[in-house]
Protein chains: 4
Amino acid sequence: MTIPGEMRALRKTRPGPGADLEEIPVPEPGPGEILIEVDAASICGSDIHIYRWDSWAPDRIRTPMTFGHEVAGHVVATGPEVHHIAPGAFVSAEGHVFCGFCPQCRRGRMHTCEKMKILGVDFEGGFAEYVVIPERNAWVVDKRIPADIASIHDPFGNAVHTVFIDGGAEDVVGSTVVVLGCGPIGLFAVGISRACGARQVVAVEPNDFRQGLAKQMGADVVVDPGREDPVEAVIQATEGHGAEVVLEMSGVPKVIDQGTRMLAGGGRMALLGLPGEPVEIDITDQVIFKEARLFGVTGRTIFRTWELTSTLLATGMVDVSPVITHRFTFDEHQKAFEAVVSGRSGKVIMTP
Amino acid sequence: MTIPGEMRALRKTRPGPGADLEEIPVPEPGPGEILIEVDAASICGSDIHIYRWDSWAPDRIRTPMTFGHEVAGHVVATGPEVHHIAPGAFVSAEGHVFCGFCPQCRRGRMHTCEKMKILGVDFEGGFAEYVVIPERNAWVVDKRIPADIASIHDPFGNAVHTVFIDGGAEDVVGSTVVVLGCGPIGLFAVGISRACGARQVVAVEPNDFRQGLAKQMGADVVVDPGREDPVEAVIQATEGHGAEVVLEMSGVPKVIDQGTRMLAGGGRMALLGLPGEPVEIDITDQVIFKEARLFGVTGRTIFRTWELTSTLLATGMVDVSPVITHRFTFDEHQKAFEAVVSGRSGKVIMTP
Amino acid sequence: MTIPGEMRALRKTRPGPGADLEEIPVPEPGPGEILIEVDAASICGSDIHIYRWDSWAPDRIRTPMTFGHEVAGHVVATGPEVHHIAPGAFVSAEGHVFCGFCPQCRRGRMHTCEKMKILGVDFEGGFAEYVVIPERNAWVVDKRIPADIASIHDPFGNAVHTVFIDGGAEDVVGSTVVVLGCGPIGLFAVGISRACGARQVVAVEPNDFRQGLAKQMGADVVVDPGREDPVEAVIQATEGHGAEVVLEMSGVPKVIDQGTRMLAGGGRMALLGLPGEPVEIDITDQVIFKEARLFGVTGRTIFRTWELTSTLLATGMVDVSPVITHRFTFDEHQKAFEAVVSGRSGKVIMTP
Amino acid sequence: MTIPGEMRALRKTRPGPGADLEEIPVPEPGPGEILIEVDAASICGSDIHIYRWDSWAPDRIRTPMTFGHEVAGHVVATGPEVHHIAPGAFVSAEGHVFCGFCPQCRRGRMHTCEKMKILGVDFEGGFAEYVVIPERNAWVVDKRIPADIASIHDPFGNAVHTVFIDGGAEDVVGSTVVVLGCGPIGLFAVGISRACGARQVVAVEPNDFRQGLAKQMGADVVVDPGREDPVEAVIQATEGHGAEVVLEMSGVPKVIDQGTRMLAGGGRMALLGLPGEPVEIDITDQVIFKEARLFGVTGRTIFRTWELTSTLLATGMVDVSPVITHRFTFDEHQKAFEAVVSGRSGKVIMTP
């Protein structure tokens, strides 16, 4: 493998909206690091904030910097002190770089490391022909998974983590699972719940394009909250008892409140969607008297969810092809970002 | 045992505040029921709502009715179809009468039965010389537990359930446990956490009398929220990491919000105190990014918490004597209720 | 519904092999009991011991007695103190009659009640036109389940309990599950594991007829232990790492030992098959250094497994039709028992 | 800190019994490694096998090599790529060096790494004035813990792991815990169970010296198996129901069998003691019908048990001083090993 001196990279060159495809030097892997030739990179919702320079992006991102963190490719070089992964390996990147020494890490909760640094947010990212990550952040991908699908291990892992958080497989088997909000992670969660023993999966989503995707991913019931009350729809679908599992992917305060109202006694609600403001919850009737369990969810457990992700994708237990709606080259990055914000898309993947 | 025809009973004779000690016929146990001669009955916060006729009481209580549900005594007669408990047995009452056939009951969650009826709320209660309950709602008390302490199995069981909800023993061992609000259940929770492996117990309580009780029950740190910020106090007591376990016993919206702010990453908050209005929570920063777990708690699991309660009380692992601050006869019921609302009391017990 | 005075019942009339179809009075339901008109009854391995009068049967069974415990039918009468189930209800019987008051029952482990009495073993059973059981032992069957399939709730529940024992859904998702011995319960376990997220299911079974059934139930790999070493086969199917889950259904000491040898580090083995003698296990290498988890399994949790059973059967998540290989009338009982012991059968069902 | 060129080290200089205290060069830390000046090192049972050159030692140990792995001391130098631990830190060593990349490691089970290397067994150990370990194998010790006690984090961690394996805190709270075999790890387990909510702790131990230590560590009942049948003793101490938790520390086949016989229904037995031969177990009656749970236990989870160990030792929740019966210098190593095998000792600690 010959590694060129320069590469194309999609970069935030200065504060403000947009991004520039630039030629920059190919980075070199330091001790414990590997250099990956990127085969595919998919666009996350957080990349949209960086692209548009809104929400938390202006406070967090320092320019110039390449962004993008959902990335897969082939290892082409390794730095010193790399002992397990060799050039030629096909890997997907866990973008959360953890310290390994804080109390969270030492408890096996590396995904909530107190000193977390994130690929493409806190250091140079993966919307580029080459990217450097720590060896231990690389997951060797099952060979049955094609390159573009390999790049979605990160968001698919979010979905796995949300469905199964805190021993949740037990909750899912034989249960009604409601997915509130069918962006890509919600759509993955529909497929995962279906593959792993849910009695029925109810998807709630206002966008008709995504309603269609939810059906393709295996939702038994798709609720359009513009046409019917989702709480009533779930109560009816469960013969009055409520859903044992609610997966909140929207981040909308009103939807979070609705989520608590459709839970069965002892039900579990996982919260992944990030509301921009405090949320009012009827703690007494919807949490305490029901003995509901509310779980915050962020990232993915490292690396148990990666193993499950590879299994679900490689065996065909979950077929994500309906969700991969668009593919573009880095040159077409503007079209790619437009596709994401259009609302007529699932997951959008870029290739060099 | 000779059973008289009449007995004294503390009753709500009509809608409105107050209660009357009346002579009424001793009830007869029906099929599957037992008649208990009451040795002691303790006063619950919900009894105060019934006494004062405020909050939910006017909507729920039908007069005339004897109230009171925290009760212990000797079985003096049994109805037909009683096969396991015989006259002479000393028992404490689980006041939640469950159907056994709804989905909650069939899942072993009898304490959230969809058709629950509550002793002294939905049918004749235990502030009386005699009371009838279903055989299966009786818990035979360990002989080492004195009669008055036996009457607190119900609220002590609430505390056990709150400390250990959802496999929580694992959370408690080696952890910082914060108890927010030191009424009797909070005070019991302090003692239980101390006895079951907590690293340190922090009690937050504005009332100085109860601060003293919290110390006697084993709190390592007692925080007066009028003098210092409880969130900062807990962050400091945990060297900046936050508490692994928060037990919310106050029902005050602001305190619930504070509870989420003092949680460590992956921490668990159990919610027992009932707020009278919706509560604003910073879901994004305090629940999701922390991966906090919020658990609603009501009643007590039937009967696993009873077994633990008996063990903790009978072995002396938790010494509740500091919490039992007042004892009165039924004749002195007015003084008893005054003691409860005075704020200068722990648990108040009445005897015939 | 007119209930006749007499009914046909398949009975052990005296110690010794065989059974007689006799006319006996229809039983009357006592307090808390219901009378069921039997629609279908399936034959369990323990019924074979009773029929042949071998193994534990001579020590346990008192003649004369009707046997049979896997039974479904319509409620036709109820005794006093029956409040939840009415005539007309279609139910399947949980044959384990528990006391509700021993420590096991009070911990929610009614299926290991210290005073257990078993239908058709300790009291009059269900190979008859009518049978009496306690109301609380009746499970109302989902209407989508046909009558004959309804009679297998009991053994299907054994399989559910074995697959999911002790929070085992977590173990199954994404894992290799090995089923050792493909009698009916093993075959059900193959289907359940497949439906609930297993990565691959390996069935080990010497009988070629049952090997075929295992494939029909969804086994990815079927191993004939007469032709290849099952330990090596599993190690190979897991790329050298071993299986995360082993379900032992054979009761053969050598097979139990093999089960421990095919486990992955941290793997879980559930033991349902009953060996007739002590079993030698290599505790040091196969249990301790691997940190294997070995779980004894008996009966089914009451009633959580019943809910799962109804869901898996009613939704079509598991299609058990390949396993139901024979149907006979009570008159043909001799043929029915011959079919069971022939080794060329799955589940054998009798109807009146 | 001046580091000398040479140091004293207790070494296996050639195959065979015994050990020699030699002068050898102080090792240098490589990338990711730290150099510790040893303050204390305690003797493990496995060190006895190495010393005597029996059991597994001749097959595993390559001479010449320094042995010893239970070690604590001050960091005096760090190699390149060490970012979290600095000279001056006081640390205790996790002797299991894991790869971080095998399936076991990626599942968070680093203590059963498929490529494990052990300090003082597979590479140069800690019975020396200086020792090198990977940075990530160092645990910074709570300052309240004195140096000699710091050296027992490893075996105390074994005890923590045994008591709490697989969510076992839930099992321990309110339960009867039996410890079979009171070597140092068994004695620590007595203290830990006592501190973390056990109802009663029963210690079974034939050696009268250790019986005395068990009492000092908080055992409620001490059984001498030479004088009474331990199964009967436990059945009696639990009013006929059996113990919910049995911790097997002896490795004696007969005692393991007894352990299964004293378990309550649903009870949990943790197996840490290593039998030298296969063990016969009555699977049917003692495991299956009881639904017993048998857990193999090895090492300690990394690093959750370390956090608990530090907490229990630093807070005084467990006072291990009775167990530390002997202290010697490296020069007195012969006496130290004699003390260990004498049977009149608890933990034996050596200092430079």
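## Helix α12 of chain B

Gly316(B), which follows helix α12(B), has a positive phi, near 80°. This description concerns a predicted model.

The buried positions are Thr305(B), Trp306(B), Glu307(B), Leu308(B), Thr309(B), Ser310(B), Thr311(B), Leu312(B), Leu313(B) and Ala314(B). Their cover includes two strands of chain B, β6 (90-93) and β10 (138-140). Helices of chain B also contribute to this cover, among them α4 (147-150), α5 (153-164) and α7 (184-195).

## Packing of α5 and α12 in chain D

In chain D, helix α5 (residues 153-164) packs against helix α12 (residues 304-314) at an angle of about 105°, and the two axes are 9 Å apart. Angles of 65 to 115 degrees count as roughly perpendicular, and α5(D) and α12(D) are therefore roughly perpendicular to each other.

On the α5(D) side, the residues that meet α12(D) are His153(D), Asp154(D), Phe156(D), Gly157(D), Val160(D), His161(D) and Phe164(D). Their counterparts in α12(D) are Thr305(D), Trp306(D), Leu308(D), Thr309(D), Ser310(D), Leu312(D) and Leu313(D). Sorted by class, this contact has seven nonpolar residues, six polar residues and one charged residue.

## Asp257 in chain C

Asp257(C) belongs to helix α10 of chain C, which covers residues 253-261. With a relative accessible area of 18%, Asp257(C) is buried, because buried means under 20%.

The side chain of Asp257(C) forms a polar contact with the side chain of Arg261(C), at 2.9 Å. When residues up to four places away in sequence are not counted, Asp257(C) touches Glu280(C) and Asp282(C).

## Contacts between chains

Chain A and chain B bury about 3,200 Å² between them, with 56% of that area on carbon and sulfur atoms. Within chain A, the residues that lose the most area to chain B are Ile283(A), Ile288(A) and Glu291(A), which together account for 19% of what that side buries. The contact involves 38 residues from chain A and 38 residues from chain B.

Between chain D and chain C, about 3,200 Å² is buried, 56% of it on carbon and sulfur atoms. Ile283(D), Ile288(D) and Glu291(D) supply 20% of the area that chain D buries against chain C, more than any other three residues. This contact draws 38 residues from chain D and 38 residues from chain C.

Methods. Residues numbered from 1 in each chain as written. Chains lettered and ligands numbered in written order. Predicted model: local features only at pLDDT ≥ 70, side-chain atom pairs only at ≥ 80, totals over all residues. Heavy atoms only, no water. Axes fitted to C-alpha atoms, helices over the stretch in contact; angles between N-to-C directions. Helix = DSSP H or I, 4+ residues; strand = E, 2+ residues; numbered from the N terminus. Parallel < 35°, antiparallel > 145°, perpendicular 65-115°, else oblique. Contact = heavy atoms within 4.5 Å. Nonpolar A, V, L, I, M, F, W, Y, C, P; charged D, E, K, R; others polar. Buried < 20%, exposed > 50% of the residue type's maximum accessible area, 1.4 Å probe, protein only. Polar contact = N/O pair within 3.5 Å; in protein donor to acceptor, adjacent residues only side chain to side chain. Buried area = accessible area lost by both parts, 1.4 Å probe.
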